[in-house]
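Subject: Structure for your review

Dear colleague,

Please find the structure below, handed over for your own work.

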Amino acid sequence: MPGVTRSPAGPPPDLTDVLPGGGPSFVSLPRAEEAGIARLGDLPVSLRILTEDALRHGEIEAVAAIAARRRDVAVRLRPGRILMQDSSGIPVLADLAALREEAPAGAVVEPLIPVDLVVDHSVEVDRHGSPDANDVNLAIEFERNAERYRFLRWAERAFSALRVVPPGRGICHQMNLEVLAQVVTVRDGIARPDTMLGTDSHSTMVNALAVLGWGVGGIEALSAMLGRAVTMRVPAVVGVRLLNRMPAGATATDLALALTALLRRHGVVEKVVEFFGPGLAALRLPDRATVANMAPEYGATMGFFPVDDETLAYLRLTGRDAAHVGLVESYARAQGLWHAAEGRRFDETLEFDLASVEPSVAGPSRPAQRLGLAAVPASLPVTDRFRPVTGPIRDGDVAIAAITSCTNTANTDAMLRAGLLARAARARGLTAKPWVKASLSPGSRVVTDYLAEAGLLDDLAALGFALVGHGCMTCMGNSGPLAPEIETAIRTDKLDVAAVLSGNRNFEGRIHPLIRAAYLASPPLVVAYALAGDMRRDFSRDPVGVGSDGRPVMLADLWPDDATVAAAAAVVTPQGYAARAATAFDGPPAWTAIAAPEGERFAWEPGSQFMRPPPFAAGRLAVPALTGDIRGARMLALLGDDVTTDHISPVSRIPPESEAAAWLIAHGETASGLQSYSARRVNHEVMARGAFANLRLRNRLVPEREGGFTRLTAGGEITTIHAAAQQYRDAGTPMVVVAGRNYGAGSARDWAAKGTRILGVSAVLAESFERIHRANLVALGVLPLQFADGQGLAALGLHGFETVDILGLAMLRPGATATARFRRADGSVVEVPVLCRIDTDEEAADLAGGGVLPAVSRDLAGRRDRAPS
């Protein structure tokens, strides 16, 4: 196993001269020596970029804090741009539209920095396995999302800093790599590092290209758009020293899963991971992108790769012009941003031997559950894997096999290897099993182009993997319906079936509400499991299937060697990337045909079930701000470890038996038109009823039942969490949520915090928080409180029906402690200290004011800005 070493304590690192050394296109920064700081030469590259931003704005104290690694000091980042996808971005624009409506005359509400929104989260796998699947799914997408897309067309015109990449172009993170990211950008004739925030946790994929950026909630992105700096504590940086090279036949997915397991065990939450060392040169940019994409899964703020020759090679491959590539190289070398194999000073250093990477998958419910192929069968969460087959599917069968997601579908080697494996399987007479819903949704149209040119698109389609669209699709829960007979069998026989996908998330209920187990795998392994039809076999010794000649076919018989993959890559050219980049913002006919509403303010349609004025700005949310101690609170939910944002705010299809479905049907929707929670995110009535409504949620107040249910009293009647919250609000009873470790893991969706807030929850007490969700809670005015080590759920022995007091909240500030008092029905009391997880003074002010949006609204009311030219 890779070893772990800790950097020795010592004085702050020396500073290099931060001046770039001439050239009119380079920024002129003050010499660090003149600020009384020594030298910055051995800072990690990620911290150098933060330092440069601080120096650019004259924040010398922040530079000193970064040099000294002062964890108690907050630093500011002013991102150069914002990246959004439609599922999270449309709610952000709706909040922006609401702020514009409330702004006083003369106050201009307009993003002050460039904003790109890529429409990639709305398309679903309704049609699959047929040549017309892509066209049919795109047509259904436009019909289904007509209201939302009219709003986007209005927003394109209403906000001058906004650009929209229309549906069908690709996944936002791949579009960011191929088209949007600059690495070094020029503004007003001055060069500077390309920095960004993304409203999707996997925005870290761009770190592979040495772009500083990470995922945030939509509220934090909105505040950055309007000119507020992002504040954060000086992050610890874990250096991962890469050695050697991956074995023949290994994939970037195998590498990413191995690193995810290692780094999650080591603990890198709220830290930056920066890769370096002699092995870095052996990793192509797409492989780095796969690793960087998974940063939320290993818990890091970023998985950062510095600029080196491979960075430049990728820029050339994707059609960037020679002058820009030259600027990136000269700037990176002059500013100390170029990769140095050794010499950077990290807070901790790990070593990872690339030669140790082995074929693997992750599952059945967490990305860090790495499994060798031999261990897969034993991981299945089935009740009785040997039950007789009575229907078209059985326990442990694969119901969904999807080559999908930003993580792997833009990796050239992985996609070509999948196509070549499909070609070999086709030649042996294999095809996907009839109960498997197979699909192919590449990260960009370039991928489809080169697969088609190599003839591999036909081979994939012949095995069931027909092109279904260019978007996130199955990875984010838009897997579409299963065949009726399959859904009936799963429900009737209470089957535990599986999904296998080339994605980054496999949380319970995310891929499809009826599928309990999900496994992450490389694209070629996804094809192999579709051919096998189940997860019950060990590919290291069991055949994938039986060929047309009656002989068993092993995985090794189908797996293409590296030389064959490299030869197939000849079809990947800069001209192909450049051609697609030139039309990235050109939509299909259905997009250009949308009649965009006119006017600076959006005309909300009365009674719309998709687009309702959001309630989170000042004066629209009937939940009071936290102004002091919390007394007499009740637990709305008592949860365990690893509660994800998918548990808190589901993203997939709205189940017909859910409270959200009942509300929609009562307001005129049909049972067949419920769609997904993702599509309803600008209808707060639906989303409030979807809060904590994941079918796989386990609330300890209702141990006998999964889903969004709770009780008001011990032994009392079971009710929905939304209905219980309404009763508590009507009675004026405060509410809290109590949970274990890693609360809020997963997606950056701010609706996990919005839903918590709209229910009326005042505070969340947990043993630990994931970074983005903690920040989102504060941004929405919900107080995150952290138990001290050893004083969490197990030590307290809570049953969930205690009354809760949180004392000591009169002076909220970073690092403050409070007292949590739990009073049981027998009158006994237990008190424990809890840490207020407020990291900066700005967060404390936002929390006291009810959240970021009310603060922004008050700020707009107090000033009259001019829109940027």
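In this predicted model, helix α1 (residues 45–56) and helix α2 (residues 60–67) have axes that come within 8 Å and cross at roughly 165°. As the angle is over 145 degrees, α1 and α2 are therefore roughly antiparallel to each other. The crossing in which α1 passes α2 is left-handed. On the α1 side, the residues involved are Leu47, Leu50, Thr51, Ala54 and Leu55, and they meet Ile60, Ala62, Val63 and Ile66 of α2. By class, the contact of α1 with α2 comprises eight nonpolar residues, one polar residue and no charged residue.

Ile219, Leu222 and Ser223 of α7 make the contact with Val852, Leu853 and Val856 of α30. Five of the residues in the contact of α7 with α30 are nonpolar and one is polar, while none is charged.

The structure holds 13 cavities of 30 Å³ or more. The largest cavity has a volume of about 210 Å³. Its lining consists of 22 residues, and those closest to the centre of the largest cavity are Gln85, His121, Asp200, Arg510 and Ser747. Sorted by class, the lining of the largest cavity has eleven polar, six nonpolar and five charged residues.

The second largest cavity holds about 120 Å³ of space. It is lined by 15 residues, with Pro296, Gly746, Glu770, Arg771 and Ile772 lying nearest its centre. Which helix supplies the largest share of the lining of the second largest cavity? That share, three residues, comes from helix α27 (residues 771–779). In the lining of the second largest cavity, nine residues are polar, four are nonpolar and two are charged.

Two points of backbone geometry remain. In general, most residues other than glycine have a negative phi, and most peptide bonds are trans. The peptide bond from Gly363 to Pro364, however, is cis, with omega near 15°. Pro364 is located in the loop between β15 (360–362) and β16 (370–372). Phe692 has a phi near 60°, a positive value in a residue other than glycine. This residue, Phe692, is placed in the loop between α24 (684–690) and β24 (709–711).

With kind regards

Technical notes
Residues numbered from 1 in each chain as written. Predicted model: local features only at pLDDT ≥ 70, side-chain atom pairs only at ≥ 80, totals over all residues. Heavy atoms only, no water. Axes fitted to C-alpha atoms, helices over the stretch in contact; angles between N-to-C directions. Helix = DSSP H or I, 4+ residues; strand = E, 2+ residues; numbered from the N terminus. Parallel < 35°, antiparallel > 145°, perpendicular 65-115°, else oblique. Left-handed = near helix turned anticlockwise from the far one by under 90°. Contact = heavy atoms within 4.5 Å. Nonpolar A, V, L, I, M, F, W, Y, C, P; charged D, E, K, R; others polar. 1 Å grid on protein atoms, 1.4 Å probe; cavity = no way out; pocket = protein on both sides within 12 Å on 5 of 7 lines; lining within 4 Å. Points joined across faces, edges and corners; volume = space filled by probe spheres on them.
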